[in-house]
Amino acid sequence: MAAIKKTPKVLTVSRQRVEEPPKVTFGFEKLHNVSWTDEKDVRFFKDFMSHLQKFSAMTWQAIYSAPRHGLGTETLPLSSIKPQIIGIPNEIQKFLVLRATGDNHPMVGYRDKDTFQVVFLEAEFGDVYKH
């Protein structure tokens, strides 16, 4: 009996370049000097930098999918903010909240394309909005 010779399957791989979604970037030009400017604990700022590093390695889709008290986000109406809000675009109706530190201190701002524009960094709970 003759041996049956199997022909290997040929897979064609497209040379089309697949773009990865852009990572999140941060802008601080709208940052208000409220709460964080009085913080004396260097651990707060170390933790903040660590979180910025983690967020910067993520896409917006990953942030939207993550738990809100982890590396995720939640929304906050502008009316919840205690200090006067200056210099944000009129079309912004609500803020996004990202956790600035591991103990859930918030970083409040809005998304401008792939950039998170930070407006408030709350070092003391309650300085920016009621929790």
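Colleague: What makes H51 buried rather than exposed?

Modeller: This is a predicted model, and the value is computed from it. The relative accessible area of H51 is 7%. Buried means under 20%, so H51 qualifies as buried.

Colleague: Where is H51 placed, and which residues does H51 touch?

Modeller: H51 sits in helix α1. Leaving out residues up to four places away in sequence, H51 touches L71, R99, A100, T101 and G102.

Colleague: Which residues of α1 are buried?

Modeller: F44, F48, H51, L52 and F55 are buried in α1.

Colleague: How do you know that the buried residues line one face of the helix?

Modeller: Look down the axis of α1. The buried residues fall within an arc of 105°, so they line one face. On the other side, V42, R43, K46, M49 and Q53 are exposed.

Colleague: What covers the buried residues of α1?

Modeller: The cover includes β1 (25–27), α2 (60–65), β3, β4 and β5.

Colleague: How do you know that the span of α1 agrees with its number of residues?

Modeller: Helix α1 covers residues 42–56, which is 15 residues.

Colleague: What makes D41 a cap for α1?

Modeller: A side-chain oxygen of D41 lies 3.0 Å from the backbone nitrogen of R43. A polar contact needs N or O atoms within 3.5 Å. D41 caps the N-terminal end of α1.

Colleague: Now the sheet. What is the order of its strands?

Modeller: The order is β1-β5-β4-β3-β2, in an open sheet with mixed pairing.

Colleague: Why are β1 and β2 said to stand at the edges?

Modeller: β1 and β2 (73–77) each have a single partner strand, so one side of each is left without a neighbour in the sheet. From one strand to the next, the twist averages 40°.

Colleague: What makes β3 and β4 a pair, and in which sense do they run?

Modeller: Four bridges join β3 (residues 94–99) to β4. Pairing takes at least two bridges, so β3 and β4 count as paired. They run antiparallel. Within this pair, L98 stands opposite M107.

Colleague: And how many bridges pair β4 with β5?

Modeller: Six bridges, again in the antiparallel sense. Strand β5 covers residues 115–121. Y110 stands opposite Q117 there. M107 has L121 as its bridge partner in β5.

Colleague: Why do you call β4 largely enclosed?

Modeller: Strand β4 covers residues 106–112, and five of its seven residues are buried, so the rest of the structure largely encloses β4.

Colleague: How many residues lie between the strands in each hairpin of β4?

Modeller: Six lie between β3 and β4. Two lie between β4 and β5. In the hairpin of β4 and β5, K113 takes a positive phi near 60°.

Colleague: Why is N104 called partly exposed?

Modeller: The relative accessible area of N104 is 24%. Partly exposed runs between the buried limit of 20% and the exposed limit of 50%, so N104 belongs in that class.

Colleague: S35 is another residue with a positive phi. Is S35 buried or exposed?

Modeller: S35 counts as buried, at 7% relative accessibility. Its phi is near 75°. S35 is found in the loop between β1 and α1.

Colleague: What makes Q93 exposed?

Modeller: The relative accessible area of Q93 is 59%. Exposed means over 50%, so Q93 is called exposed. Q93 lies in the loop between β2 and β3.

Colleague: What does Q93 touch, and which backbone oxygen does its side chain reach?

Modeller: Beyond residues up to four places away in sequence, Q93 touches P77 and L78. Its side chain reaches the backbone oxygen of N90 at 3.4 Å.

Methods
Residues numbered from 1 in each chain as written. Predicted model: local features only at pLDDT ≥ 70, side-chain atom pairs only at ≥ 80, totals over all residues. Heavy atoms only, no water. Buried < 20%, exposed > 50% of the residue type's maximum accessible area, 1.4 Å probe, protein only. Expected span 1.5 Å × (residues − 1). Arc of directions from axis to C-beta. Contact = heavy atoms within 4.5 Å. Polar contact = N/O pair within 3.5 Å; in protein donor to acceptor, adjacent residues only side chain to side chain. Axes fitted to C-alpha atoms, helices over the stretch in contact; angles between N-to-C directions.
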